[in-house]
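Dear colleague,

I am handing over the structure that I would like you to look at, and below it I have set out what was found in it. Please read the notes with the coordinates open beside you.

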Amino acid sequence: MTNATLDQIAGRKVITARVPESPAEIAFEVYSLAREADSIRPIITTDLKMRSRQTSSNPLVVSVQDIYGNPVSGVAIDWSYVEGGGRLDADPSTLGDQSMIETNDKGMASLRSWTVGPLPGTHRIQAQCAAGSVTRFVQFEIPVEPQVVSIDFFKTPIPEILRFLGRVA
């Protein structure tokens with residue numbers, strides 16, 4: 001009797017057994033599964049700088065892995081806007097704003113649509129998941145610049161401009 005020890009990488013394994021001094025052999029296919037979620041990591045996206053009330057065309061992506069670094073599928077990721085007062089939608093193809101989405105077979109989950117709030121400054125979006133009895137989370141920091149407004153006062157008398165600016169201020 002012989003024992004076979006699998007490595008820590010999830011996936012398909014082929015184990016071949018041979019009879020000594022004989023051409024006889026048999027192959028077994030074994031599939032090892034990832035363990036439960038242990039960590040959540042951001043997949044860094046390019047330039048996250050935005051203007052207030054702008055909707056992003058770049059998704060925020062996280063990767064969930066087990067203790068050995070294997071991707072874990074089917075993990076519920078709960079997205080939330082924790083600072084800045086924006087809006088998010090993990091699945092724009094479904095009616096209404098969705099805040100929860102599961103990781104795919106590569107252990108990744110995307111926040112596909114999000115809109116920053118009205119105030120400039122640093123906004124934070126959080127992705128969290130349960131890892132056993134512990135909740136793991138990661139935050140994305142988004143610098144938000146104010147909206148630029150331009151007003152054309154060409155041929156407008158000065159008193160009217162001052163009156164308008166007094167109402168705005």
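Predicted model: local features only at pLDDT ≥ 70, side-chain atom pairs only at ≥ 80, totals over all residues.

**Notes on the model**

Phi of K155 is near 65 degrees, which is a positive value in a residue other than glycine, and the residue is exposed, its relative accessible area being 74%. The loop between β12 (134-145) and α1 (158-168) also holds I151, which is partly exposed at a relative accessible area of 46%. I151 belongs to a nonpolar surface patch of about 580 Å², which is made by V149, I151, I158, L162, F164 and L165.

R53 is likewise not a glycine and has a positive phi, of about 65 degrees; R53 lies in the loop between β4 (50-51) and β5 (60-65), and with a relative accessible area of 59% it is exposed.

**Overall form**

Turning to the whole chain, the protein has one helix and twelve strands, and from the N terminus on the elements run β-β-β-β-β-β-β-β-β-β-β-β-α. The radius of gyration is 26 Å, well over the 15 Å that the globule rule gives for 169 residues, so the protein is more spread out than a compact globule. Taken along the principal axes, the box filled by the C-alpha atoms is roughly 105 × 35 × 25 Å. Buried residues make up 28% of the 169 residues, and the protein exposes about 11,400 Å², of which carbon and sulfur atoms supply 53%. Among the contacts between residues at least 6 apart in sequence, 58% join residues that are at least 24 apart.

**The five-stranded sheet**

Five strands form an open sheet with mixed pairing, in the order β4-β12-β11-β6-β8. The edges are taken by β4 and β8 (100-102), each with a single partner strand, so one side of each is left without a neighbour in the sheet. As background to the pairings that follow, strands of a sheet pair through backbone hydrogen bonds, either parallel or antiparallel.

Strand β11 (residues 121-131) and β12 pair in the antiparallel sense over eleven bridges, with T122 standing opposite P143 in β12 and A127 having V138 as its bridge partner in β12. β11 and β12 form a hairpin with two residues between them, and in the turn G132 has a positive phi of about 70 degrees. β4 and β12, by contrast, run parallel and are joined by two bridges; here M50 stands opposite V144 in β12.

Which parts of the chain do R136 and D38 tie together? The two residues form a salt bridge whose closest N and O atoms are 3.9 Å apart. R136 lies in strand β12 and D38 in the loop between β2 (25-32) and β3 (39-43), so the pair ties together parts that are 98 residues apart in sequence. At 33% relative accessibility R136 counts as partly exposed, and D38, at 29%, also counts as partly exposed.

A salt bridge also joins K49 and E145, with the closest N and O atoms 3.9 Å apart. K49 lies in the loop between β3 and β4, whereas E145 is in strand β12, so this pair ties together parts that are 96 residues apart in sequence. K49 is partly exposed at 46% relative accessibility, and E145 is partly exposed with a relative accessible area of 30%. K49, R51 and E145 are linked in a network of salt bridges. The side chains of R18 and E25 also meet in a salt bridge, at 3.1 Å from N to O, and R18 is exposed with a relative accessible area of 59%. The count for the model comes to six salt bridges.

S63 lies in strand β5 and is buried, with a relative accessible area of 9%. Leaving aside its neighbours within four places in sequence, S63 is in contact with S39, I40, R41, I43, G107 and M108. S113 has its place in strand β10 (residues 113-115); its relative accessible area is 16%, and it counts as buried because the limit for that class is under 20%. Not counting residues up to four places away in sequence, S113 touches T55, L88, D89 and P92.

Definitions and conventions: Residues numbered from 1 in each chain as written. Heavy atoms only, no water. Patch = residues over 30% accessible without salt bridge, like charges linked within 9 Å, V, L, I, M, F, W, Y side chains within 5 Å. Areas by Shrake-Rupley, 256 points an atom, 1.4 Å probe, with all protein chains shown as cover. Salt bridge = Lys/Arg side-chain N within 4 Å of Asp/Glu carboxyl O. Helix = DSSP H or I, 4+ residues; strand = E, 2+ residues; numbered from the N terminus. Buried < 20%, exposed > 50% of the residue type's maximum accessible area, 1.4 Å probe, protein only. Rg over C-alpha atoms; globule rule 2.2 N^0.38 Å. Contact = heavy atoms within 4.5 Å. Pairing = 2+ DSSP bridges.
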